[in-house]
Amino acid sequence: MKHFTSVNHIDDLDELLLLAKQIKSNPYANKTAGENKTLGLLFFNPSLRTRLSTQKAAANLGMNCITMNLNNEGWSLEFEDGAVMDGDKAEHIKEAAQVISQYCDIIAIRSFPSLTDKEKDEEEHVINAFVQYASVPVISLEGATEHPLQAVADILTIQEYKTTQKPKVVLTWAPHPKALPHAVPNSFIKMMQLANVDFVITHPEGYELNPEVTKNSTVTHNQEEAFKDADFIYAKNWSNYNDYGQILSQDAAWMVTPEKMALTKQAKFMHCLPVRRNQVVSDAVLDGADSIVISQANNRTYAAQAVLTKILAHESQ
Ligand code: CP
């Protein structure tokens, strides 16, 4: 594994999950793998889980970590080729990425979508500019279109909690007051397409995701039908994809409630967090015995550590 900016970069999911499970059972077994190596964590957007779990994963491997909030601590970056830099952008990505590569052996970046410029967001232009100009491996800490480290933690969690060989997993849209990106659902869908699960997506009409991502998955607008006999309910809001970045509905009827969970096969409740209580999911579900969101967040460390281990091994070849 050279870079990890998409679920598509996983060449062998079973091998990666086995590695993550081994790491979880003994996180310090490989504590010199990253000795004298530095991980640079660059954030254009806020984070709690991704920042802390990736730092912890790096520490478990003996890596140094440098973390920077590029949006307010660094120079404002220019990404356009040939730009006349007479405005507010002080540094070009060409120099910035090469300079950061002098200090870091792996660069990890969080850069959310604009949700206004669909073409640029779909190009994943910030993360791909780092891939283009950095001389070291690049990891996505959530880009405009994907959150692959989250998806590795998600499937690891499903594997730990499943009670049948091929569980039914439902990704349900849920209401939210703000326009949210498509990265988490996109990566989760891609991951479910790789996994041995019976997968259903449910959302209100008009909330279709990128058809290139959903093309192999079952989609229904009937949430209650989707919930029937489910083993896992994964709730997530996303803004409109076709009417890009718009909120068409905040339909409270789509909130995950105990009544809806009663339709399932005592499904486990999942969410990537942070989650808006009593908007996305009711307190009773989130605080209930079948909520596994904290275990899911814990698995972020082992997912990140597995990916870092694979990249360090690739670089030492
Ligand atoms: N799930 C997730 O990525 O959380 P943070 O935004 O807090 O990193």
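Begin by selecting E15, L16, L19, A20, I23 and K24 in α1, which meet N298, N299, Y302, Q305, A306, V307, T309 and K310 in α13, where contact stands for heavy atoms within 4.5 Å and helices (H or I, at least four residues) and strands (E, at least two) are DSSP runs numbered from the N terminus. The residues of this contact divide into 7 nonpolar, 4 polar and 3 charged, with Ala, Val, Leu, Ile, Met, Phe, Trp, Tyr, Cys and Pro counted as nonpolar, Asp, Glu, Lys and Arg as charged, and the others, Gly among them, as polar.

The model is predicted, so that local features need pLDDT of at least 70 and side-chain atom pairs count only at pLDDT 80 or more, while totals for chains, interfaces and linings use all residues. Residues are numbered from 1 along each chain as its sequence is written, and side-chain values use heavy atoms, leaving out hydrogens and water.

Next, show α1 (residues 13–25) and α13 (residues 293–315) whole: they pack at an angle of about 115° with their axes 9 Å apart, the axes being lines fitted to C-alpha atoms over the stretch in contact and the angle running from 0 to 180 degrees between N-to-C directions.

Then move to the loop between β11 (268–270) and α12 (283–286), where P274 lies; the peptide bond from L273 to P274 is cis, with omega near 0°. The loop between β11 and α12 also holds N278, whose phi is positive, about 60°, although N278 is not a glycine.

Finally, select D229 in the loop between α10 (223–227) and β10 (232–236), where D229 has a positive phi of about 65°.
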